[in-house]
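Hi there,

Here is the structure I said I would pass on. Have a look, and my notes on a few of its helices follow below.

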Amino acid sequence: MGDPKDLRDQLMEKVNEVKEHFKEALAELKNLEDLKRIRARFIGPKGEVSELMKSLKTLPKEIVRELGRSLNQLKEEISKHLSELEKKLGEEILRKRLLEERKDLSVRYKPTYTPSIHPLTRIMRELKEVFMGLGFEVVEGPELEEEYYNFDGLNIPSDHPARDMWDSFWVRPGYLLRSHTSPVQVRVMTTRKPPFKVVSLGKCYRRDDLDPTHSFQFHQIEGFIVDKGITFAHLKGVLMEFASRVFGGKRKVKLIPSYFPFTEPSAEVAIDCFRCGGKDPHCPICKGEGWIEVLGAGMIHPNVLSNAGISPQEWTGFAFGMGIERIAMLKYQIDDIRLFYENRLDFLKQFSA
Ligand code: PHE
């Protein structure tokens, strides 16, 4: 064994060499596999650092202590350095992979016409705006409805002849596709406390054959107010405002006596012709009559209120309901209800803004 001092220097030299090797190896590192290999080469059980450690075994104590310390330090440094690199590399690889996998899903599509909103959607948005502007709240009800809400709660018991008029598609006993939006009245009245000021829009179904003005599936909007001291005058005021805002100008409203089991008194409501004002005998809108019937309405029947647990002595209200297709047909001069459902481009194109 030579001079311990020389030995120490030699070993120190070797430690420095290892450091140098490590630096060189890092310069070549490209991926996680390289990193694994480097880790094994330097600090693995048979790595350069470990081999040096082993070679200390037979040396004098002072050298072992000193070199042992610097070797441990080196091992720790290498390990820390590699862990940091590993983390960074991992993130980088992930980022790259994500970038590669980010396929361009956009298709350069040039429509051959300006896309448009379906006329029914358009009129429904407009109706909502109008009634919200008048302070109404918009509420939704189910299309698959319980018999009670569609009929009994509306003062139409099972033996009532008016059931024929609202006959619909029964899904199973007690459940049907609603034949009007009036059941929403009962749903609101039975679950909440008055006052109410509500509109509800949606699909309805009836056992009707298709023709230019009938469809087994159509849309309605229902509106109703329940409060203290509500009268027919309030109903007329709301309807005049609705007609003027939807059809333009200052519209007149005519209330024609009618019958609905859930309103008393009841009315068919007509507005004066927004196209000719009754002056054109050949008007395509009013056919020269000057008036267009657009909806049904009335004061909510006391039985409907009391069925729902609301005292008719304390509260009164009005309700109205109309076919949305009818409003759209009048406003946009569409002469066949079937056009709404056929998705024909030549029809839909006409509604691009
Ligand atoms: N529900 C009635 C119908 O579908 C319309 C209506 C609603 C009438 C509210 C009066 C009050 O024909």
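**Notes on helix H8 and its neighbours**

At the start of H8, a side-chain oxygen of Thr231 comes to within 3.1 Å of the backbone nitrogen of Ala233 (a polar contact is a pair of N or O atoms within 3.5 Å, one able to donate a hydrogen and the other to accept it; residues adjacent in sequence count only if both atoms are side-chain atoms). Please note that this is a predicted model, where local features need pLDDT of at least 70 and side-chain atom pairs count only at pLDDT 80 or more, while totals for chains, interfaces and linings use all residues. Residues are numbered from 1 along each chain as its sequence is written, and side-chain values use heavy atoms, without hydrogens and water.

H8 covers residues 232–247 (helices are DSSP runs of H or I, at least four residues, and strands are E runs of at least two, numbered from the N terminus). After H8 comes Gly248, with a positive phi near 90°.

H8 and H10 pack at about 45°, with axes 11 Å apart (axes are lines fitted to C-alpha atoms over the stretch in contact, and angles run from 0 to 180 degrees between N-to-C directions). Phe242, Val246 and Phe247 of H8 meet Ile327, Leu330 and Lys331 of H10 (contact means heavy atoms within 4.5 Å).

H5 and H10 pack at about 100°, their axes 10 Å apart.

Happy to talk it through!

Methods: Expected span 1.5 Å × (residues − 1).
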